[in-house]
Amino acid sequence: MEVKKLDYNSITTHHIDIYAFQRDLLTWFQEEQRDLPWRKDKDPYKIWVSEIMLQQTRVDTVIPYFHRFIDKFPTIEALAQAEEEQVLKSWEGLGYYSRARNLQAAVREVHEKYGGIVPDNPKDISSLKGVGPYTAGAILSIAYGLPEPAVDGNVMRVLSRILLITDDIAKASSRKIFETAVRDLISHDNPSYFNQALMELGALICTPTSPSCLLCPVREHCQAFFEGKQTELPVKMKKKKQRIVQLASILLSDKEGRLVIQKRPSEGLLANLWEFPNIEISLQYMTEKEQLSTAIKNQYDTHIENIEMIGKIQHVFTHLTWNINVYQAKIDKIREQKNVKQVTLEEIKAYPFPVSNQKMLKQYLDSNHL
DNA sequence: TAATCGTGGAT
DNA sequence: TATCCAAGATT
């Protein structure tokens, strides 16, 4: 039996039988792994798509998106040649939309620069847009079988407990500690299963609150379980409060019932998605309706009448909250403008919208019995 | 390093 | 209801 000594912080020294640990973890994964759509084959493109979608996103949420996305863009070439708007539409509701735009940009680079072959080395794959340390390691290990660490939140939680690592996992610098640990622990016979098993263990057994230690296949290797500290780990700093912004959005319909939509800027929040006209409400002498009316007249150079509120929506982001009052009004034809369109209720279905705006459209349809 | 960037489910 | 937070990357 080989026992290797590992030091990952100044507090404790860890002893772990690496091969027994690998054996217990891999045997468990072999038996208990979930049947997930991106585990059907080792197509690097599909692995890649799944890893991007899974960033900060639950497996159950991703599954239907993954099916639709691969169905629509089955290959590198298909995604490379697609319109960005189509890609964003496929991503609608999944969040973090720069993931979709970065993925397509990176796929186009692979198509042109690498002949459609996803790079199989850390340097090249890490240079692709949207491919950070985790995703690079995930693709290299899962698709190409290379012994590279793929450290995500699961891995940090699991290893913080097994190795009693007390570094704050909210700090970016902590990831390297865990990558060092994975390089020491990883199975060179099956890096793909090893990395996936650590994540699967985190998802199914070694959960954030109330981990199922009695069902854990590696509990005899777990320092936290031995010391009864599993619920004290990982150490993670709390984040501060987000700010709140008051908005007024408005669905503007002309005589044919067409609605005004506008494309958001190409950078920042909800970049390149479409939305209904809106303003940030400030505390001043004008009422909300007056502020809206003035803004619409200035922006679209049109006559506006019958402004009425039809509902309220709260759009909660990670770092801010929009409290939106939703209005509707009648207008004439608007002045032609870039990134502004008047579309029918049929045409509007082709445009990617944030979830908040999808809810607004529902409110509009309901309140007008459409 | 610390903010920014979505959404919905779990507790 | 409030908070956390889920297979992170970018700036």
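Tutor: Happy to; we can go from the overall layout to the pockets and then to the salt bridges. This is a predicted model, where local features need pLDDT of at least 70, side-chain atom pairs count only at pLDDT 80 or more, and totals for chains, interfaces and linings use all residues. Residues are numbered from 1 along each chain as its sequence is written, chains are lettered from A and ligands numbered from 1 in the order in which they are written, and side-chain values use heavy atoms, with hydrogens and water left out.

Student: How many helices and strands does chain A have?

Tutor: Chain A has 14 helices and nine strands. These are DSSP runs numbered from the N terminus: helices are H or I with at least four residues, strands are E with at least two. The C-alpha trace spans about 85 × 50 × 35 Å along its principal axes.

Student: Changing topic: what's the volume of the second largest pocket?

Tutor: About 520 Å³. Of its 20 lining residues, Gly95, Tyr96, Tyr97, Leu270 and Phe317 are the closest to the centre. Helix H6 (98-113) and strand S7 (304-316) are the elements that give two or more residues to this lining.

Student: Wait, what counts as a pocket or a cavity?

Tutor: On a 1 Å grid over the protein atoms alone, a cavity is a set of points where a 1.4 Å probe fits but cannot get out, while a pocket is an open set with protein on both sides within 12 Å along at least five of seven lines; lining residues have an atom within 4 Å of a point. Grid points are joined across faces, edges and corners, and a volume is the space filled by probe spheres set on the points.

Student: Got it. Which domains supply the lining of that second largest pocket?

Tutor: At least three residues come from each of domain 1 and domain 2.

Student: How many cavities of 30 Å³ or more are there?

Tutor: One. The largest cavity has a volume of about 100 Å³, and among its 15 lining residues the closest to the centre are Arg161, Cys206, Cys213, Cys216 and Cys222. Helix H9 (residues 153-162) gives the most to that lining, with three residues.

Student: Now salt bridges. How many does the structure hold?

Tutor: There are 15, each with a side-chain nitrogen of Lys or Arg within 4 Å of a carboxyl oxygen of Asp or Glu. In one of them, arginine 23 pairs with aspartate 24, with the closest N and O atoms 3.1 Å apart.

Student: Is aspartate 24 buried or exposed?

Tutor: Aspartate 24 has a relative accessible area of 15%, so it is buried. Buried means under 20%, exposed over 50%, and partly exposed in between (1.4 Å probe, protein chains only).

Student: What about glutamate 346 and lysine 349?

Tutor: Their side chains meet in a salt bridge at 3.2 Å, N to O, and both residues are exposed.

Student: Which residues are linked in a network?

Tutor: Arg34, Arg39 and Glu200 are linked in a network of salt bridges.

Technical notes
Domain bounds come from an automatic or database domain assignment.
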